[in-house]
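Work through the two exercises below with the sequence and the coordinates at hand.

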Amino acid sequence: MLILMKMKTAMLAGALAAPILATAFAPAPPRDQDGALRLASTSFSYRAAGDFSQNGRPVEGPLRELHLSADLIIMKRQVTVAEYARCVDEAACPRIGIPPGAPNVPVVGVSWHDASAYATWVSRKTGISHRLPTDEEWTFAAAEKARDEAMPFIDPADPAQAWIARYEAESARSRPAATSAQPGGTFGTNSNGLDDLAGNVWEWTNSCFVRVSLDDGGERITNTNCGVRVVEGAHRSYMTDFIRDPRSGGCAAGVPPANLGFRLVVEPSQSVATSVVRNVAKLLQRT
């Protein structure tokens, strides 16, 4: 009997220690101390990203009320130097110039391709599909940290004023005083529990740059350029997907982002266990 009890205890301990990779999603609190948050989908205001024009003059994208199709599972913080380094060590991510001695600060100097390679690696390691967020998902998660930089009203009869107003608004954007990546939490936590949004690390999204005409009361996409992606931070910007240092180019106008980093979301169509989401970072540390 004693031997049988010991065997049952050992089996239970082994089951608890093993990572769960595919069970139904159980109810969970929205805040998770291990690095991931599950945000219940609710309505939110979203200013469409891209270059919009009407009657030959620039205008702001439409302001819409959106509702995500599913709850959003998103990293509480940005991917760190140490986490990205493990992907590099397995030859799954491109090697980039990382300053020594800062393993737990957000990794910066990454392109959209670098960030996407990391998402592919994490998906393979965990069995759960991860990706960069869309601009809509980032805005929803950012809540009050997402800025709506609508232009002031301009006389439609003077399109030159619209171009000047846009240039002045973009040029007046301020940049955080600290230019190097700072330890997690330096720039605070938003109402959804996410750290360092709108700090000095802008985050890649999967959204492509579009040009849209609003003539005749409708919306007509005139160009979609997925070689340029939307990046979000203290302000929205657009960067060529291979750019790692925003100061080297790739920004349309105004003050460029200070640094380029990223955080990931879990593909909403997947059914995953909350324990998997909580323990992704721990699982990667053991590999």
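A polar contact is a pair of N or O atoms within 3.5 Å; within protein, one must be able to donate a hydrogen and the other to accept it, and residues adjacent in sequence count only if both atoms are side-chain atoms. The model is predicted, with local features needing pLDDT of at least 70 and side-chain atom pairs pLDDT 80 or more, while totals for chains, interfaces and linings use all residues. Residues are numbered from 1 along each chain as its sequence is written, and side-chain values use heavy atoms, leaving out hydrogens and water.

**Exercise 1.** Describe the surroundings of Asn259.

Step 1. The side chain of Asn259 has a polar atom 2.9 Å from the backbone oxygen of Asn200.

Step 2. Contacts (heavy atoms within 4.5 Å) of Asn259, leaving aside residues up to four places away in sequence, include Val108, Thr179, Trp202 and Pro246.

Step 3. Asn259 is buried because its relative accessibility is 11%, the limit being under 20% relative accessible area with a 1.4 Å probe, protein chains only (exposed: over 50%; partly exposed: in between).

**Exercise 2.** Classify the ring pairs of Tyr118 with Tyr84 and with Trp121.

Step 1. Rings of Phe, Tyr and Trp (its six-membered ring) pair if their centres lie within 6.5 Å; planes under 30 degrees apart are stacked, over 60 edge-to-face, the rest tilted.

Step 2. Tyr84 and Tyr118, at 6.2 Å centre to centre and 20 degrees between the planes, are stacked.

Step 3. Tyr118 and Trp121 have ring centres 5.6 Å apart and planes at 50 degrees, so this pair is tilted.

Step 4. Tyr84, Tyr118, Trp121 and Phe262 make up one aromatic cluster.
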